[in-house]
Amino acid sequence: MLGSFNHVARQLVVHTSQTKRSSDFVAHLEQLDRLYGPKPGQPTKPVVLVEDNGPIHTSKLSRSALAERAHWLTIEWLPKYAPELNDIEGVWRDLKAHHLAHQTFADSNALDRAIHQAVDTLNCERRQGNRLNG
């Protein structure tokens, strides 16, 4: 599971796969392209992505994919082995502890469905919380 957290909208964007490779990170970047990338006829909004220095983020393939997006996507690199500096770690903890805990899954497809359903639920809760607080 790879993901990004949009602090403005308080939404989690998740990419699931059975591996955790650079190609999976690039697939997640393609998700971000569709959601936040430049669109014809619309002003480009800059996006900042905070990443750790994990191997899937720093591989040749990943660096090339990030460079292709440099006109709208800025990367802020965290120090290695510093999860306490990465805000998404709290989101992962919440997702696992409150939305996926104490369950068993028949197979990887069932787990994948549960993850996406949990993310949808989490995002819905955050949207409702934003409306109540806004």
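## Helices α1 and α3

In this predicted model, the axes of helix α1 (residues 22-36) and helix α3 (residues 60-68) cross at roughly 15 degrees and come within 8 Å of each other, and the two helices are therefore roughly parallel, a term for angles under 35 degrees. Helices here are DSSP runs of H or I with at least four residues, and strands are runs of E with at least two, numbered from the N terminus. Axes are lines fitted to C-alpha atoms, for helices over the stretch in contact, with angles from 0 to 180 degrees between N-to-C directions.

On the side of α1, the contact (heavy atoms within 4.5 Å) is made by Ser22, Ser23, Phe25, Val26 and Leu29, and on the side of α3 by Leu61, Ser62, Ala65 and Leu66.

Arg69 lies in the loop between α3 and β4 (73-77), and is buried, with a relative accessible area of 7%; buried means under 20% relative accessible area with a 1.4 Å probe, protein chains only. Apart from neighbours within four places in sequence, Arg69 is in contact with Leu29, Glu30 and Asp33.

Strand β1 (residues 2-6) has 4 of its 5 residues buried. Antiparallel to β1 runs strand β2 (residues 11-15), joined to β1 by 5 bridges, where pairing requires at least two DSSP bridges. Phe5 has Leu12 as its bridge partner in β2. The two strands form a hairpin with 4 residues between them, and Arg10 in the turn has a positive phi of about 60 degrees.

## Basis of the values

Residues are numbered from 1 along each chain as its sequence is written, and side-chain values use heavy atoms, leaving out hydrogens and water. As the model is predicted, local features need pLDDT of at least 70 and side-chain atom pairs count only at pLDDT 80 or more, while totals for chains, interfaces and linings use all residues.

Terms used: Buried means under 20% relative accessible area, exposed over 50%, partly exposed in between (1.4 Å probe, protein chains only). Angles under 35 degrees count as roughly parallel, over 145 as roughly antiparallel, 65 to 115 as roughly perpendicular and the rest as oblique.
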